[in-house]
Amino acid sequence: MDNRYSDNVGQASTNEQSDLETRLNVRAEHRTDPGRCNSYLSANLGYGYFHSNTFDPEVYTNGSFAGDCELAERLVWQVSDDLRQVNQNSRNPSTPENTTRKNIFRTGPRYSLELGEVDTVDLSAQYERTDFEGQDEPDSDRVIGIVAWNHLFSETLSGGVRVDTNRAELDTGEEIDRNTVSLTFGQGWVATHLSGSIGYSELERTFNGETQENDAIVGDLMLRREINPTADVYVQASRELTDTTSDFDTRFDDFEFNLQETTIVEVTALNAGINKLFSDAGSLNVVFNASRSDYLQTNNKEDVLGVSTRYSRPVVEQLSFSAGAGYSFFRYEDEGTEDDLLRLDMGLIYQLNRQLNLTGRIGRNQRTSDDVPNREYTENWLLIGVNYRFL
């Protein structure tokens, strides 16, 4: 249970209101033992009450589930679900008035066919359903078909071809067809793994008898490297031609769609980070993110550039300290405006025993804009919480 006091709970530029939110969270995590069927669940359900009634009581839900079951040799049925709170308008703060729930459910079979010792063909067909809690965002039904051939050139190098066809029907009446052909590769070394793809994608949108066609060079890249036993780095990048009901924002945690825009978007995103452990049991995490969203139906473009860092270390037995800082830069091309957001926080955690700990944190958030004063705000906050672990 967390109690968070804010002197500007609505993150407003004028008429700031202070309020105390008491939030009760229940978190659960479960993983099955390896076997014919496997599953992993991570879920968080919360209920928040604002004592001065700045906002109505809020239910917070975030969770993911992934499972698969082997139906026959080389034939696997997969199921996944991802539920999270997302912002409706990326230009507004993350208050209850600007958030909605997005749920993506996906299921379907995958069949692997071995063509000798070094060639494999994977066939998969999936059904995907995206639902938003609000009425202003379109839900969608999606059918996905994938054929992928992979060739093992050596024990550490592989490459292949992937064909992806994707058809979505939105409850607004829009139909979106996307076809992508990509070359894929993967390379492993002792402490490094590199994988990715590059290809060509065509997207066709049909609505009210009118057709819009777009195409783009697309691709993705994933690099992980262990620098030494106490430090590692990673880089994840992707460029896609997609729509706002897709799962792109679940694969890039720092990325968000502007749901106030129309559906078709060409998006490029980059995440990079470093994790470091110190001899005094301290740890440092630094994350860099950048993205560009080009909403093709309106020609609006949004750019985000950010960096965040967190440091933690034990102070004495049972007591630990942590501090974090983050900076984000936003550019909105249609308005010709630029915003800056700074986030700072620090706190202590006292471990009473294996099951119970107490938390205290203070922080400050400040946003400035070069030309839109109503997006500016300053918020100072204080949080006191208690956590109990049952198992």
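The structure is a predicted model, in which local features need pLDDT of at least 70 and side-chain atom pairs count only at pLDDT 80 or more, whereas totals for chains, interfaces and linings use all residues. Residues are numbered from 1 along each chain as its sequence is written, and side-chain values use heavy atoms, with hydrogens and water left out.

**Strand pairing**

- Strands here are DSSP runs of E with at least two residues, numbered from the N terminus, and two strands pair if DSSP finds at least two bridges between them.
- Strand β7 (residues 119-132) runs antiparallel to β8, and twelve bridges join the two.
- Within this pairing, Arg 129 has Asp 141 of β8 as its bridge partner.
- Strand β8 (residues 140-152) is in turn joined to strand β9 (residues 157-170) by 13 bridges, again in an antiparallel arrangement.
- Asp 141 stands opposite Glu 169 in β9, and His 151 stands opposite Gly 159 in β9.
- Thr 165 is placed opposite Asn 179 in β10.
- The hairpin of β9 and β10 has four residues between the strands, and Gly 173 in this hairpin takes a positive phi near 100°.

**Nonpolar cores**

- A nonpolar core is a set of buried Ala, Val, Leu, Ile, Met, Phe, Trp, Tyr and Cys residues joined through side-chain atoms within 4.5 Å.
- Buried means under 20% relative accessible area, exposed over 50%, and partly exposed in between, computed with a 1.4 Å probe on protein chains only.
- The largest nonpolar core has eleven residues: Val 86, Phe 132, Phe 248, Phe 252, Phe 255, Phe 257, Leu 259, Val 265, Val 267, Ala 269 and Tyr 295.
- Strand β14 gives the most to this core, with three residues.
- A second, separate core has nine residues, including Leu 170, Ile 176, Val 218 and Ile 264.
- Contact means heavy atoms within 4.5 Å.
- Beyond residues up to four places away in sequence, Phe 132 touches Thr 100, Arg 101, Lys 102, Glu 137, Pro 138, Asp 139, Thr 244, Thr 245 and Leu 259.

- On a 1 Å grid over the protein atoms alone, a cavity is a set of points where a 1.4 Å probe fits but cannot get out, and lining residues have an atom within 4 Å of a point.
- Grid points are joined across faces, edges and corners, and a volume is the space filled by probe spheres set on the points.
- The count comes to one cavity of 30 Å³ or more, and the largest cavity has a volume of about 40 Å³.
- Its lining consists of Phe 252, Asp 254, Phe 255, Ala 269, Leu 270, Asn 271, Asn 289, Ala 290 and Ser 291.
- Strands β14 (264-277) and β15 (283-295) each supply at least two residues of this lining.
- By residue class, the lining of the largest cavity holds five nonpolar, three polar and one charged.
- Ala, Val, Leu, Ile, Met, Phe, Trp, Tyr, Cys and Pro count as nonpolar, Asp, Glu, Lys and Arg as charged, and the others, Gly among them, as polar.

**Valines of strand β16**

- Val 307 is found in strand β16 (residues 300-316) and counts as partly exposed because its relative accessibility is 38%.
- Leaving aside neighbours within four places in sequence, Val 307 is in contact with Val 286, Val 287, Phe 288, Asn 289, Ala 325, Gly 326 and Tyr 327.
- Val 315 is also found in strand β16, and its relative accessible area of 46% makes it partly exposed.
- Val 315 touches Ser 320 and Phe 321, not counting residues up to four places away in sequence.

- Most residues other than glycine have a negative phi.
- Asn 53, which is not a glycine, has a positive phi of about 60°.
- Asn 53 lies in the loop between β3 (37-50) and β4 (58-72), and it counts as exposed because its relative accessibility is 57%.
- Gln 318, also not a glycine, has a positive phi of about 80°.
- Gln 318 is placed in the loop between β16 and β17 (319-332), and it counts as partly exposed at 38% relative accessibility.

Methods:
On a 1 Å grid over the protein atoms alone, a cavity is a set of points where a 1.4 Å probe fits but cannot get out, and a pocket is an open set with protein on both sides within 12 Å along at least five of seven lines; lining residues have an atom within 4 Å of a point.
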